[in-house]
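Please read it alongside the sequence and the model.

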Amino acid sequence: MSERRIVCLCGSTRFHKDFVEANLQETLQGHIVLSVGVFGHRAEDAHGRPIDVDAHKEALDGLHLDKIDMSHEVLVINTGGHVGSSTRAEVRHARERGIPVRWFDPDNIPHDV
């Protein structure tokens with residue numbers, strides 16, 4: 001088994017470009033990166049076709065929590081300080097399990113997260 005760190009990216013899928021950048025940065029640091037599989041806010045741009053994210057939201061949310069559980073740490077894509085309700089739930093989930101949380105934009109961490 002690899003000794004590499006596993007990092008799970010969390011955050012609003014509207015920040016597709018920042019997810020790609022964070023994935024690149026973490027990969028170049030030698031980390032295994034787990035990320036969202038569907039960019040709902042930008043589905044057509046990111047995946048080349050529209051996707052009914054609402055029809056799959058519950059399953060996708062559960063899948064992402066499983067990815068968090070597999071990780072050594074979480075990196076939150078908090079562009080401009082934005083952390084929505086789903087991301088807040090993911091951060092809470094990670095913290096309840098003792099999984100460290102880092103921030104992509106450390107100067108804009110909301111005080112209530």
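In this predicted model, the side chains of arginine 102 and glutamate 26 meet in a salt bridge, with an N to O distance of 2.8 Å. Arginine 102 belongs to strand S4 (residues 101-103) and glutamate 26 to helix H1 (residues 16-28), so the pair ties together parts that are 76 residues apart in sequence. A search of the whole structure finds seven salt bridges.

**Arginine 102 and glutamate 26**

- Glutamate 26 has a relative accessible area of 2% and is therefore buried, the cut-off being under 20%.
- Arginine 102 counts as partly exposed, because its relative accessibility of 30% falls between the 20% and 50% limits.

**Glutamate 73 and arginine 5**

- A salt bridge also joins the side chains of glutamate 73 and arginine 5, at 3.1 Å from N to O.
- Glutamate 73 is buried, at 8% relative accessibility, whereas arginine 5 is partly exposed, at 34%.

**Arginine 97 and glutamate 96**

- The side chains of arginine 97 and glutamate 96 meet in a salt bridge with an N to O distance of 3.6 Å.
- Arginine 97 counts as partly exposed, at 45% relative accessibility.
- Glutamate 96, at 60% relative accessibility, counts as exposed because the value is over 50%.

**Largest pocket**

- The largest pocket holds about 570 Å³ of space.
- Its lining has 24 residues, and those closest to the pocket centre are Gly11, Thr13, Lys57, Asp61 and Ser86.
- Strand S1 (6-11), helix H3 (53-70) and helix H4 (85-96) are the elements that each give two or more residues to this lining.
- Helix H3 provides the largest share of the lining, with eight residues.
- By class, the lining of the largest pocket has six nonpolar, 12 polar and six charged residues.

Technical notes
Residues numbered from 1 in each chain as written. Predicted model: local features only at pLDDT ≥ 70, side-chain atom pairs only at ≥ 80, totals over all residues. Heavy atoms only, no water. 1 Å grid on protein atoms, 1.4 Å probe; cavity = no way out; pocket = protein on both sides within 12 Å on 5 of 7 lines; lining within 4 Å. Points joined across faces, edges and corners; volume = space filled by probe spheres on them. Helix = DSSP H or I, 4+ residues; strand = E, 2+ residues; numbered from the N terminus. Nonpolar A, V, L, I, M, F, W, Y, C, P; charged D, E, K, R; others polar. Salt bridge = Lys/Arg side-chain N within 4 Å of Asp/Glu carboxyl O. Buried < 20%, exposed > 50% of the residue type's maximum accessible area, 1.4 Å probe, protein only.
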